[in-house]
Amino acid sequence: MFITLGIYYLAPWVRWDRGFNAPDQAILIDIPNSRAYFFFIEIWPQEVYYITGLLIIAAVGLFFVTSLFGRAWCGYICPQTVWTDLFVWVERIFQGDRQKRMKLDQSSLSFNKFWRKLATHLTWIFIGLITGGAWVFYYNDAPTLMSQILNFDVPWSVTGWIIALTGSTYLLAGFGREQVCNYMCPYARFQSAMFDEKSLIICYDESRGEPRSPFKKGTSWQGRGHCIDCKICVHVCPAGIDIRNGLQMECIACGMCIDACNNVMDKLSLPRGLVRYDTELNQKLLEKNREKKINIWRKRTIFYLSILLITSSIMFYGLNSRSPIELHVLHDRNPMFVQLKAHKIRNGYDIKILNKTHEDKVYALTVSGLERAEIKVLGAGNISPENLKVFADSVGHFRVFLTSYKQEHLRQNLTFYVEDVKTKIIQQKNSIFVSGKE
Amino acid sequence: MIQDDKDKHIDEFSGIETTGHEWDGIKELNNPSPRWWVWLFIVTIVWAIGYWYVYPAWPTFSGDGFRGGTQGRINWTQYKQLEESQNEILSRRAENLEQFQKNSIEDVMKHPQLFAFAVAGGKSAFKENCAGCHGSGAAGARGYPNLNDDDWLWGGSIENIYLTIKYGIRTDNPKTRASTMPSFKGMQEEDLKQIAAYVMSLSKGWRYTAEGKTKYEQMCLFCHGQDGVGNPSLGAANISDSIWLHVEDSNPGIVSQIENPKHGVMPAWEGRLDDATIKQLAIYVHSLGGGE
């Protein structure tokens, strides 16, 4: 819980040097300038497919983990669980354990009750506030925004987000709790599709625990189960179920019942693991007194794993082979070509050069596949095909004219090249030269 | 079928109370909506009331075109929002337009930002005012010149384009560009043929007769120039290239132009468009590629 929380709160403060003109926040979603930064990755809006890839990886990763370990995500990493645990922890600090809390709830309003309740709720709201506060840091430069917040000089949108997230954290973790998992969360619903009898789930060892009954000191364990029906597993369950009835939809596999039951078993000096992580298959094997086995390589897991590997290698390849230059060429459609005086033909192109680096660049434009071609770039000032300036981290838009003679093919294929004059990195794009109506 | 409210019906199977409604033996269970849902519903209603108070919400069918409605506390309307953003754009444009007033076209064209502004502004003004005749890509049609090419009747320098747009061609404007090709009706058929053959030879490299060339030089050279290259100061077309405006580059075409000359009319835009817009249009037309 504290690891997850720590990551959430501290991540925006991690710095990553990107050179002069760029933000140095490691994880930043810069909406006004439409860029997303993630350590060494920098995504432009037209590259959202990287986000798609990331989401596929996240989803399939989740499936993979689920089919192996059951709802490990729900129990350990899901923000809803983490924040609920945090809130319950606060509750325990101020109002004591479950019994005390129930007593407090039943007692009539007193000063004691009042301050304990107030403190709980105020702490909750405070946690909500810093949660919302941390959220907005992902979208803004954290140190700048921090000083803005401390001076109460915050843009409206940011205030809105903080308020909304404070509210939702307070409501969902303070009051919603397991209801969110039961009624609101879609993932909880379709997870069952990823389970099979070899997935790790939380099980109560029926063959060992039953028949259950309260235990009196000094009596024998003979002829009875190890479950003493103390119901501690039910009390600690954040989802409010009785694990002894078998796996249920509400179970988020947080393992609280395991810890609780193990404590009780220790006190009774019985072996731990009456409630434990196990697979359904093992339970069946156990009943037949056969040996347990854990089988990781199953059709299902191999399938998930291969999707995972394919997607990540595509992503990896994509990110690695990503050029710092991107070239777009749009051939004019109206008019397709222009007949000039001296039997020459001219075609016009809209060319965009994306400079994804953090330096101002000069590019040279050339063309191949068209004989006797003249390139001309339209524009004011000192501009020529060998001297196309594009500012750091921006898009250069150029009007380019190619002039040549009537070609053998009325639609002649050709290729444009841009070359970074300094680094000699080249990017190319195919286009056409039209020299007559077909 | 509504039954007496007093006796509750409990469904045997699920142990849940039924509403007492029954259809063909199927009973409706009484499962109330979850509490949080009900509260959310109430919150939306409260929100809506607040919204009515703050924003315009209810139509009152008054005002112009039934646009009336309750005003809302903060007095916000989409019309006002539109007006504000339009004003913002206008004020931003005003800065650039001022530069157009102050500077000559040549200076504007040297300035990358103003140049880009002019091309963009000219493009939209062109779509609005000129596309009807010249086509949206300015590629023209028979009788309406293609403005992309480098063949100009009246000259392709930025200054000439500007003057053509401003004063028009063969209009009532006192400074209009105007010229007339005289009709040579009654010319000998043989002469017509020879001249036409000579004119065609200029662009196609075909053979011609010496008489044809002589006749051309006597009657046409004054306006269309040596070898038919045209004369921009007279608006006389270049007839030595493959770009033809009024007639086809063929015997019937040329003969018809000699006997019944066609002339184009292009409206003057002075007075209809302000000077800054005309400058932008000139820069845009010049930027299409044929500008000299």
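How many salt bridges does the rule count over all chains? The count comes to 19, and the close-ups below visit some of them in this predicted model.

**View 1. Where chain A touches chain B.** Let's start at the contact, which takes 15 residues from chain A and 23 residues from chain B. About 1500 Å² of area is buried between the two chains, with carbon and sulfur atoms giving 58% of it. On the side of chain A that touches chain B, the elements giving two or more residues are β7 (338-339) and β10 (374-378). That side of chain A has seven nonpolar, five polar and three charged residues.

**View 2. A salt bridge within chain A.** Here K356(A) pairs with E326(A), and their closest N and O atoms are 2.8 Å apart. Look for K356(A) in the loop between β8 (345-355) and β9 (361-368), and for E326(A) in strand β6 (residues 325-331), 30 residues apart. Both K356(A) and E326(A) are buried.

**View 3. D275(B) and two lysines.** D275(B) forms a salt bridge with K166(B), with the closest N and O atoms 3.7 Å apart. D275(B) sits in helix α11 (residues 275-287) and K166(B) in helix α6 (residues 158-167), so this pair ties together parts 109 residues apart in sequence. D275(B) also forms a salt bridge with K279(B), again at 3.7 Å; these two lie in helix α11, four residues apart, or about one turn of the helix. K279(B) is buried because its relative accessible area, 9%, is under 20%.

Technical notes: Residues are numbered from 1 along each chain as its sequence is written. Chains are lettered from A and ligands numbered from 1 in the order in which they are written. This is a predicted model: local features need pLDDT of at least 70, side-chain atom pairs count only at pLDDT 80 or more; totals for chains, interfaces and linings use all residues. Side-chain values use heavy atoms; hydrogens and water are left out. Contact means heavy atoms within 4.5 Å. Buried area is the accessible area (1.4 Å probe) that two parts lose on being put together, summed over both. Ala, Val, Leu, Ile, Met, Phe, Trp, Tyr, Cys and Pro count as nonpolar, Asp, Glu, Lys and Arg as charged, and the others, Gly among them, as polar. A salt bridge is a side-chain nitrogen of Lys or Arg within 4 Å of a carboxyl oxygen of Asp or Glu. Buried means under 20% relative accessible area, exposed over 50%, partly exposed in between (1.4 Å probe, protein chains only).
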